Amino acid sequence: MPKAVTCHSLQDVRDNIDRLDEIIVDLLAERIGYVLQAAQFKETRGDVRIPSRIEYIVERVRHFAEENAMDPDMAESIYRHIMEESIAREEIRWDKINQS
Ligand SMILES: C=C(O[C@@H]1C=C(C(=O)O)C=C[C@H]1O)C(=O)O
């Protein structure tokens, strides 16, 4: 079921969007905090990107999207972008840990 409540003005719409953006960024910051920690557990730089894990996450978020009446293609697109950004930063973290 769609979760958004019915709004009666554009200001009402924007207030809800602004409220959610704060929560979304907070959660994304927490997520990247975990992704960066993954670097310390990986042997090689090539291990930073694990395609099977990426595809597992994509399938999961597509499922969550469907449960929430959201377009699964949109969820997949957003998540692939989040993961690419995350991997780029995890690679930098891996390089720092393993420099010498
Ligand atoms: C965090 C990891 O590293 C990468 C980042 C991922 C993510 O953003 O969720 C998923 C797979 C990995 O390529 C991991 O391997 O779990």
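Student: Where do I start with the annotation?

Tutor: Start with the record, then turn to the coordinates. The UniProt annotation, from an unreviewed entry, reads "domain: Chorismate mutase" and covers residues 4–94. In the predicted model, that span is 76% helix and 0% strand. Its end C-alpha atoms lie 40 Å apart.

Student: How many residues does helix 2 have, and what span is expected for it?

Tutor: Helix 2 runs over residues 51–67, which is 17 residues. From first C-alpha to last it reaches 25 Å. At 1.5 Å a residue, 24 Å is expected, so the two values are close.

Student: What is the count of buried residues in helix 2?

Tutor: Burial here is a neighbour count. A residue is buried if 20 or more other C-beta atoms lie within 10 Å of its own. For helix 2 the count of buried residues is zero, and the helix is hardly covered.

Student: Is Ser86 buried or exposed?

Tutor: Ser86 sits in helix 3, residues 72–97. Ser86 counts as buried because 20 C-beta neighbours fall inside 10 Å.

Student: Which residues does Ser86 touch, leaving out those up to four places away in sequence?

Tutor: Ile32 and Val35. Gly33 and Ser86 are 53 residues apart along the chain, yet their C-alpha atoms are separated by 9.5 Å.

Student: And Asp47: which class does it fall in?

Tutor: Asp47 lies in the loop between helix 1 and helix 2. It counts as partly exposed because it has 13 C-beta neighbours inside 10 Å. Sequence distance reads another way here. Arg62 is 15 residues from Asp47 along the chain, and their C-alpha atoms are separated by 25 Å.

Student: Which residues surround the ligand?

Tutor: List the shell, then sort it by element and class. The shell includes Val35, Ala38, Arg49, Arg53, Met83, Ser86, Ile87 and Glu90. Helix 1 (10–38), helix 2 and helix 3 each give two or more residues. Helix 3 gives the most, with four.

Student: How many shell residues are nonpolar, polar and charged?

Tutor: Eight are nonpolar, one is polar and three are charged.

Terms used:
Residues numbered from 1 in each chain as written. Predicted model: local features only at pLDDT ≥ 70, side-chain atom pairs only at ≥ 80, totals over all residues. Buried ≥ 20, exposed ≤ 12 C-beta atoms within 10 Å, placed from the backbone. Contact = placed C-beta atoms within 7 Å. Near = placed C-beta within 6 Å. Nonpolar A, V, L, I, M, F, W, Y, C, P; charged D, E, K, R; others polar. UniProt positions renumbered as here; feature names shortened; annotations may be inferred.
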